[in-house]
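Thanks for making the time this morning.

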Amino acid sequence: MIALLMAHKEASAELLQHVQGFIYPNELNLLWSVLIVLYPYLTGLVAGAFIMASLERVFNVKSLKPIYRLSMLTSLAFLLVAPLPLLGHLGHPERCYEVMMTPHATSPMAIFGFVYAWYLMAVLLLELWFDYRKDFVEWSQTAAGWKRPLYSLLTLGVRDVSEKALRLDDKMGRIITIIGIPSAFLLHGYVGFIFGSVKANPWWGTVLMPIIFIFSAMVSGIALLMFLYLVTCWLRKVTVDMTCLETIGKCLLTALVVDFSVEALDWIHRLYVADESLDVLVLLASGKLYYSLFLVQMFLGMLVPALCLAAMIVYKEGWKRRQTAYFVCSLLVLIGILAMRWNVVIGGQLFSKSLRGFTTYKLELVGQEGLLMAILLVLLPFVIVSVMIWLFLPRAEMTGTTRAIDD
Amino acid sequence: MPPQITRLLLVTVAIVVAYFTARHFLVPASFGQYGWYRADALKDYQLLPINYAGQAACADCHEEVIKKRAKAKHRSIACETCHGPLYAHANDPTVKPAKVGNGNFCVRCHEAAPARPEKFPQVVLADHNPGQKCTECHAPHLPTEAP
Amino acid sequence: MKSSQQSVSRRGVLSALGKLVAGAAALATARKVRAVTKQAVTTPAPAGYDPTKHQWRMALDVNKCIGCGSCADACKNENHVPRDPGYFRTWVERYIIKKAPHGSGEPCGETLVDSPNGSIGGFPPTLVPKSEILKAFHVPKLCNQCSNSPCDMACPVGATFRTPDGAVLVDPTYCIGCGFCVQACPYGCRFINPLSHTAEKCTFCYHRITRGLKPACAEVCPTGTRIFGDLKNAKPDDPLLQFYAKNRLQVLKPHLGTLPRVFYAGLDEEAR
């Protein structure tokens, strides 16, 4: 105990060396670490991936059919991991049940448990179940080994696959998707509200925050699907449906433009209104956040992929080169949005609420809130989604539903 | 009713029942007495031990010091401002309080500094008998007199 | 400055909205809370202290503070706050406002603020020569025990709360350590204790005031900068009422609408 306290004291003394200007004494140790950066990142990917799935289902964008099930499974895999960074950051993770037992009505964070449960159970699982029910019944008779009881269990004992029952499945799936779209907006808009509602922090406390979060979520979710679709096809040696890929590309470009506009609006408003916080925020953006904001988030994560995607609408040559370009764009966007979450979460804690100075953040390598943990938490949903693809998205189905273009 | 819907309704009911059962057992007994919190937390706070005894406790035994100070500007200052936390001593006089400074404790308040109120008595240490201890000329409880 | 009506209505609307969201769960809760209340009223509070019969307040006279740091030191002693430059329930800031360069046409120059180790052990001599200083002063800081407290609103589980007697407390056995309250406090008054991993803040020394003692900081303040009292049991000559009557009062960051219950006299606009 005393040793721990001494170690802390040394760390604080070290931090004090890096403080610029004046900060309130309690602001020395930056509180929300890289794990809280991942939380909105992962949640955003969930919401974005779901909205892509709903485009096919509700708005009848037929060219997106090849990625419908992939989107749903991706959304589920990332949703399962999304609360883990939060949990890992809690001082007392063993008390987390209190959020569900005595949720404080005025706290945006308290509603998390309910929004999460609603989205997981009333939207994702339910829609997947109605969509997969016929397959579960079929696979529970044809699959081999331990997979057979698994599929059987997933039918929940309902084995009716008559035409009437399947029609109901389809109808229910459509209704749930329609409910799902506002739910996806709610899920991520509310994550934005957690930050946007903090009036103590001028970097976070803006009404645009939920909107910015929703559009950045769509950007990242679409990019993720582009990435996963390409990787899955390449690994399985399935021909990439170029019509589908082009449509994803156009969606990504649209979302990027809207996202950029909303963020630009935020900055225009800040600069024009010029309240007492402007000076320190300009110092923050041009100083501590310079590389992560202008270079990674704006230039590499937004401008470069947007120009590249726009160029690909005009020049339509070389499907192989196009695939590579789309792949690079999706990666850049994914990194750019991660930088955006970093700039919001860490950036918002680097400056003092006295608006007179800055503290610093040192990302540790190991430890509960270290870099390795963060990498693990980013890789985990990809592992889960791989297992899900293996279990629920047979190769035969992918080739079956794709209308392949062979150049 | 279609079998899918019946099955899902059953699952829903099971989840809701499980939630309210959990609530019944997991919400602390005094939660909600005054507001959205555990009212017993107030009692927990009241039971925390104290370290500073308070001026009244000092006056119980040290009347002569209080009397001496009555003439001094220092009369309104609590004993524990300079002598530190004394609850242990007040409870058991054999526990001796820590010694106050080494004769220069006065500078903590009386060293001249631009942020101090102008009318507050301050000395520039370099000009005011440098090298001497404050207590050589000033009795701490009645500083206008020599010890 | 302290329109209690505004706070009531805003909170009312918010909690009403929240209740709508909670829906059926809230109904069941209300029933349960009533049952709990009935049971708890029959069990007497220890030492016979009734929180509904008091209303504690602190006020600060900035003109009197000498920056000795006794308050910050006593607070750590009394409440076992980690002896570390990053954790304080109360601290003192030093403001030094320089003269504007001659002929610049500005009223004042640069403002320098510091609070080395929260003022414990006093302030080192300033490096600014006296001839360049326009004015200088100390501002003691502590939790403002806001009546529209953003930290209380942010707490997801009901571990932070406003007591009936005017304090904002944290229940350390119920806090999950999410840190949302720390982010929500505009005054930097909260921190997560590195040992207990729960949120911590000034409690007005709740364990002392319920025993009839002053908070440790007010007890040891040598200049009477910190004035503490009980509004529900104050006589007309109570120092706190006298202070309210004789001074123009200010609060910190009034534009945020947190309605602080700690009032200052003699605050400069640079202090925030």
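**Confidence, a helix pair and an interface**

What you see is a predicted model, and in chain A the pLDDT averages 91, with 98% of the residues scoring at least 70. Within that chain, the highest confidence belongs to helix α14 (residues 347–350) of chain A, at a mean of 97, whereas the lowest is found in helix α16 (residues 395–401) of chain A, at 64. Over residues 400–407 of chain A the pLDDT falls below 50, although this stretch still makes 12 contacts in the model beyond its near neighbours in sequence. Where pLDDT is low, predicted coordinates should not be read in detail.

Let me now turn to the helix pair. Helix α2 (residues 34–59) of chain A packs against helix α13 (residues 319–345) of chain A at an angle of about 135°, and their axes are 9 Å apart. Since angles over 145 degrees are needed to count as roughly antiparallel, α2(A) and α13(A) are therefore oblique to each other. The crossing of α2(A) past α13(A) is right-handed.

Which residues of the two helices meet? From α2(A) they are A:I36, A:V37, A:P40, A:Y41 and A:G44, and from α13(A) they are A:I337, A:L338, A:R341, A:W342 and A:V345. By type, the residues of this contact comprise 8 nonpolar, 1 polar and 1 charged.

Finally, the two chains: 12 residues of chain A are in contact with 10 residues of chain B. On the chain B side that touches chain A, 7 residues are nonpolar, 1 is polar and 2 are charged.

Conventions:
Residues numbered from 1 in each chain as written. Chains lettered and ligands numbered in written order. Predicted model: local features only at pLDDT ≥ 70, side-chain atom pairs only at ≥ 80, totals over all residues. Contact = placed C-beta atoms within 7 Å. Nonpolar A, V, L, I, M, F, W, Y, C, P; charged D, E, K, R; others polar. Axes fitted to C-alpha atoms, helices over the stretch in contact; angles between N-to-C directions. Helix = DSSP H or I, 4+ residues; strand = E, 2+ residues; numbered from the N terminus. Parallel < 35°, antiparallel > 145°, perpendicular 65-115°, else oblique. Left-handed = near helix turned anticlockwise from the far one by under 90°. pLDDT = per-residue confidence, 0-100.
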